[in-house]
Amino acid sequence: MSEQTVVQFKNTTKKIGRKTIINNLKFDVSAGEVFGFLGPNGSGKTTTIRMMVGLIKISQGDIFIKGHSITKQFEKAIQHVGGIVENPDLYKYLTGYQNLKHYARMVPNVSKKRIHEVVENVKLTDSIHDKVNSYSLGMRQRLGIAQALLHRPSLLILDEPTNGLDPAGIRELRNNLKELAHQEGVAVFVSSHLLGEMQLMCDKIAILQKGELVRIENVHEFISKDSVSQVYLEVDVSQVEWTKMLVAELNKTAIDGDRPNQLQIQMNKDEVPELNKLLLDKGIRVLSVHVQEQTLEDKFLDMMEERQ
């Protein structure tokens with residue numbers, strides 16, 4: 001285990017009766033990275049997180065956090081972890097500061113200075129002395145993250161942290177998590193089904209399906225792999241049917257788009273100028289062209305379809 005490795009899954013398996021829920025997970029999570037954990041509903045993401053924090057028992061194998069075994073050295077392992085599984089558990093009749101002060105009593109060496117640091121980190125300075133029952137959902141999420149960070153954990157675990165947040169709240173949370181990882185060296189382990197957001201947030205992703213690890217990759221390499229030049233082209237033209245015939249001659253398929261006179265075509269990026277020239281040479285007026293490269297969502301859905 002290297003100094004940069006914070007979490008190690010070693011043949012981690014969870015069985016209930018004869019049914020295998022999680023099968024033989026093997027991967028590492030490093031310090032200073034936002035690690036995304038993706039998968040369809042029922043793939044085992046939350047079960048995996050519950051094993052990481054000791055809420056359910058590991059059937060076979062183990063999980064090591066900072067070199068300590070969850071199954072054999074739980075107290076030593078869990079002291080390096082901060083997290084929110086599902087929703088933050090807060091005392092709504094207390095202020096945000098009183099909540100943090102209460103949780104600070106549960107772990108050693110958390111000073112008032114540290115409380116103020118985490119409040120500033122999650123940008124709750126102006127409202128920390130307001131009662132939590134007056135907080136928006138996004139503010140409660142940020143307070144929950146502040147609570148999880150009080151003891152300076154090496155690993156921050158968040159299960160669906162963007163649930164219920166508005167776009168501004170999601171962007172703010174994303175920036176906070178990236179800052180924690182990249183500037184403070186925390187390993188951030190995030191489970192979410194919002195693939196567009198995960199693309200913007202994560203450095204690396206693991207994809208889980210039916211309890212098995214399908215793939216683990218750098219986000220940007222995963223998106224570009226096997227489809228370096230593949231794009232989705234939306235083109236508005238003066239003559240739709242004739243354009244479809246010309247596109248067919250290039251061994252491509254043009255389908256009707258969302259607007260009249262719009263067609264959608266999947267092709268290599270370097271073929272776009274060739275198509276544009278062909279249409280102009282045939283007297284077809286090209287009114288607009290929009291090129292959309294593949295996203296994490298496209299790649300994820302393609303992979304799920306292939307495996308099915």
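Reader: Which residues of helix α1 (residues 45-52) are buried?

Author: In this predicted model, local features need pLDDT of at least 70 and side-chain atom pairs count only at pLDDT 80 or more, while totals for chains, interfaces and linings use all residues. Residues are numbered from 1 along each chain as its sequence is written, and side-chain values use heavy atoms, without hydrogens and water. Helices (DSSP runs of H or I, at least four residues) and strands (E, at least two) are numbered from the N terminus; buried means under 20% relative accessible area, exposed over 50%, and partly exposed in between (1.4 Å probe, protein chains only). In α1 the buried residues are Lys45, Thr48, Ile49, Met51 and Met52.

Reader: Which residue just after α1 takes a positive phi?

Author: The phi in question is about 80°. The residue that takes it, just after α1, is glycine 54.

Reader: How many helices and strands does the protein chain have?

Author: The chain has 308 residues, and buried residues make up 44% of them. Along the principal axes, its C-alpha atoms fill a box of roughly 75 × 50 × 35 Å. The secondary structure comes to 11 helices and 14 strands.

Reader: Which residue in β9 stands opposite phenylalanine 35?

Author: Strand β3 (residues 34-38) and strand β9 (residues 204-209) run parallel and are joined by 4 bridges. Opposite phenylalanine 35, the residue in β9 is lysine 204.

Reader: Which residue in β2 stands opposite glutamine 8?

Author: An open antiparallel sheet of 4 strands has the order β2-β1-β4-β5. Its edge strands, β2 (19-30) and β5 (68-69), each pair on one side only. Strand β1 (residues 5-16) pairs with β2 in the antiparallel sense over 8 bridges. The residue in β2 opposite glutamine 8 is aspartate 28.

Reader: Is alanine 104 buried or exposed?

Author: Alanine 104 is found in helix α3 (residues 96-104). With a relative accessibility of 10%, alanine 104 counts as buried.

Reader: Which element supplies the largest share of the lining of the largest pocket?

Author: On a 1 Å grid over the protein atoms alone, a pocket is an open set of points with protein on both sides within 12 Å along at least five of seven lines, a cavity is a set where a 1.4 Å probe fits but cannot get out, and lining residues have an atom within 4 Å of a point. Points are joined across faces, edges and corners, and a volume is the space filled by probe spheres set on them. The largest pocket holds about 620 Å³ of space, and of the 26 residues that line it, Val81, Gly82, Val107, Gln147 and His151 are the closest to its centre. The largest share of the lining, 4 residues, comes from β6.

Reader: Which elements give two or more residues to the lining of the second largest pocket?

Author: The second largest pocket has a volume of about 190 Å³. Of its 10 lining residues, those nearest the centre are Tyr232, Ile255, Gln264, Ile265 and Gln266. Two or more residues of this lining come from each of β11 (230-237) and β13 (262-268).

Reader: Which helix gives the largest share of the lining of the largest cavity?

Author: There are 3 cavities of 30 Å³ or more, and the largest has a volume of about 60 Å³. Its lining consists of Asn121, Val122, Leu149, Asn176, Glu179, Leu180 and Glu184. The largest share, 4 residues, comes from helix α6 (residues 167-184).

Conventions
Two strands pair if DSSP finds at least two bridges between them.
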